[in-house]
Amino acid sequence: MERLNSNLYLQNCYIIKENERLRKKAQLLNQENQALLSELKQKLSKSSTSPTNAGPNNNSNNASSSKS
């Protein structure tokens, strides 16, 4: 019974450490996601303030990519 308890304790410790590692990784990914979202919003707001630049560039890019 004591041996089983020790094994379960070790498994629990491993799970706790793995959980902490995954939590840290999730936090880093969330920070990266927020930074990318902010960057995308800035680019979108800049392109919406100058629609004359966005229109022709997008059309020429779409035409060249559809020919490929």
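Trainee: How many salt bridges does the structure hold?

Mentor: The structure holds two salt bridges. Keep in mind that this is a predicted model.

Trainee: What makes the contact of R21 and E18 a salt bridge?

Mentor: The cut-off is 4 Å from a side-chain nitrogen of Lys or Arg to a carboxyl oxygen of Asp or Glu. The side chains of R21 and E18 meet at 2.6 Å, N to O. That value is within 4 Å, so the pair counts as a salt bridge.

Trainee: Where do R21 and E18 sit in helix α1?

Mentor: They are three residues apart in α1, which means about one helical turn separates them.

Trainee: Why is R21 called partly exposed?

Mentor: Partly exposed runs between the buried limit, under 20%, and the exposed limit, over 50%. R21 has a relative accessible area of 44%, so R21 is partly exposed. E18 has 24%, so E18 is partly exposed too.

Trainee: How do you know that K43 and E39 form a salt bridge?

Mentor: Their side chains meet at 3.4 Å, N to O. The limit is 4 Å, so this pair also passes. K43 and E39 both lie in helix α1, four residues apart, about one turn of the helix.

Trainee: Which residues make the nonpolar surface patch?

Mentor: M1, L4 and L8 make the patch, about 380 Å² in area. M1 lies in the segment before α1, which spans 2-49.

Trainee: How do you know that M1 is exposed?

Mentor: The relative accessible area of M1 is 84%. Exposed means over 50%, so M1 is exposed. Patch residues need over 30%, so M1 clears that mark as well.

Trainee: What about the whole protein?

Mentor: The protein has two helices and zero strands. Of its 68 residues, 0% are buried. The protein exposes about 6500 Å², with 55% of that supplied by carbon and sulfur atoms.

Technical notes: Residues numbered from 1 in each chain as written. Predicted model: local features only at pLDDT ≥ 70, side-chain atom pairs only at ≥ 80, totals over all residues. Heavy atoms only, no water. Patch = residues over 30% accessible without salt bridge, like charges linked within 9 Å, V, L, I, M, F, W, Y side chains within 5 Å. Areas by Shrake-Rupley, 256 points an atom, 1.4 Å probe, with all protein chains shown as cover. Buried < 20%, exposed > 50% of the residue type's maximum accessible area, 1.4 Å probe, protein only.
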